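Dear colleague,

I am handing over the structure below, and I would be grateful if you could look through it with the notes that follow.

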Amino acid sequence: MRTVKWMKTPKGYVTISLITYLIIASIGYKTLNGIRNALIAVVAAFVIEFFYSRIINRKSSKDGVVITGLIISLVLSITTSWPYVVGTAAISILSKHLLVFKKKPIFNPAAIGLFVSVFIFHIGHSWWGAFGDLPWWLMMFLLIGGYIVTDRVNKFPQVFAFLGTFFVLLFFMGYFQVGDAADALRPPFINATIFFGLFMLTDPPTSPAKYKNQILFGVISAVSGIVVYGMFGGLTYLFFGLFMGNLYNYWNKRSVMKSAELKQQRMKNSQRALYK
Amino acid sequence: MKKTDKKWIILCSTAVAAVYSAGYLTTENQVSIEQPIHQVAKNIQTNNKAVNDGSVSNAQKNKLYKDGTFTGTGMNRRGSIDVMVTIQNDKITNVEISDFAMHYSESDIVGLPDEVLKNQGARVINVSGATYSTEAFEDAVQDALNQAFNTVG
């Protein structure tokens with residue numbers, strides 16, 4: 001009964017979808033390397049999370065750790081050797097605990113790990129778990145799983161704002177022949193964008209809840225990502241866009257907290273004035 | 001918070017799909033990579049005196065490869081690599097990456113030309129996590145060697 005209940009939670013949906021993609025992609029690529037990397041990433045993330053939580057005496061989030069490990073393994077190449085997988089998982093988990101605001105991570109942990117690993121370990125991302133080199137129709141699985149997850153976390157405005165802005169900008173890039181829009185609109189890059197938009201951008205702790213903020217978050221992420229893509233190409237543009245969105249979310253939370261504190265202060269002052 | 005109306009979801013999905021399709025069609029003629037082609041023959045042959053007006057020396061006939069510098073291209077869905085391979089007396093004497101247009105960093109495969117020189121062949125040890133660049137590099141070297149292959153002998 002507990003398992004059934006867990007399966008219906010947002011984290012349950014995400015975990016089931018990611019495991020399904022892991023299995024489908026492993027069959028498609030005819031290799032168990034991806035599953036091996038997934039196990040390594042999840043175990044490493046668990047171990048680091050366990051010890052860190054012990055040290056700072058804090059309850060660990062098991063679901064979040066599994067999701068982070070799975071995303072890492074689905075994005076990294078299946079040929080990535082285990083020390084790099086462990087290193088990426090370690091960066092992700094540490095960022096979750098160190099870069100925080102009110103005990104919640106500021107940046108998407110998996111995105112931080114994957115972004116930093118490119119520069120530290122010089123490892124590429126293949127987005128194999130998004131079926132980048134497999135038949136195009138497999139993207140249907142991404143869309144179905146992503147739709148369910150997005151609906152469950154109530155992030156449709158954010159996803160539409162992101163994808164809409166992203167594709168509009170790529171259309172203009174293509175029309176005016178600026179940068180390499182053709183690549184970004186085709187596999188494996190389009191698979192990466194869909195996977196990223198539906199499973200990473202929608203992470204509840206690092207993205208806003210209100211619809212108006214979600215739309216701004218999506219637009220900021222898309223514009224920043226496309227600017228980086230247009231200037232540098234590469235494969236890290238999606239993550240950079242997400243970090244800009246994460247920073248907006250952080251700034252937003254801080255502003256809300258500050259205005260709440262000011263309001264509270266004003267109320268206290270007026271109460272004091274009344275009693276005088 | 002109240003869930004997004006299903007009608008809005010359908011409407012927005014259609015709009016996003018329409019914009020994507022417009023972008024896809026607009027960039028149709030800009031697609032540089034025929035997917036999933038792994039290599040495209042391209043040959044810029046310099047300093048090659050092997051094939052000319054039918055007079056081929058016996059020494060040249062017995063060679064496996066023509067002497068000269070040959071350019072090969074390796075492509076996959078993540079970009080392309082051009083290499084220039086110089087051959088002298090059936091020996092690879094120089095390998096240079098002349099154009100790197102992958103979506104990865106060139107520094108990941110910077111040691112591969114030396115490996116080709118050492119191995120005297122296109123096969124190199126796979127760079128962990130840089131499989132696509134390594135494959136494109138190998139294909140490019142093999143393409144250049146195919147151009148150099150001496151069909152006369």
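Across the interface of chain B and chain A there are 13 residue pairs in polar contact, both residues being at pLDDT 80 or more (a pair of N or O atoms within 3.5 Å; within protein, one must be able to donate a hydrogen and the other to accept it, and residues adjacent in sequence count only if both atoms are side-chain atoms). On the side of chain B that touches chain A, helix 1 (6-26) and helix 4 (131-148) of chain B each supply at least two residues, and helix 1 of chain B gives the most, with eleven residues (helices are DSSP runs of H or I with at least four residues, strands runs of E with at least two, numbered from the N terminus).

This is a predicted model, in which local features need pLDDT of at least 70 and side-chain atom pairs count only at pLDDT 80 or more, while totals for chains, interfaces and linings use all residues. Residues are numbered from 1 along each chain as its sequence is written, chains are lettered from A and ligands numbered from 1 in the order in which they are written, and side-chain values use heavy atoms, with hydrogens and water left out.

The contact (heavy atoms within 4.5 Å) takes 45 residues from chain A and 32 residues from chain B. Between them the two chains bury about 3,300 Å², 56% of it on carbon and sulfur atoms (the accessible area, with a 1.4 Å probe, that two parts lose on being put together, summed over both).

Over all chains, the whole structure holds five salt bridges (a side-chain nitrogen of Lys or Arg within 4 Å of a carboxyl oxygen of Asp or Glu), and two salt bridges are counted between chain B and chain A. One of these joins Asp133(A) to Arg78(B), at 2.8 Å from N to O.

Within chain A, Lys96(A) and Glu49(A) form a salt bridge at 3.2 Å, N to O; Lys96(A) lies in helix 5 (residues 82-98) and Glu49(A) in helix 3 (residues 33-55) of chain A, 47 residues apart. Both Lys96(A) and Glu49(A) are buried (under 20% relative accessible area, with exposed meaning over 50% and partly exposed in between; 1.4 Å probe, protein chains only).

Within chain B, Glu138(B) and Arg123(B) pair at 2.6 Å, N to O. Glu138(B) is buried, with a relative accessible area of 12%, whereas Arg123(B) counts as exposed at 57%.

With best wishes
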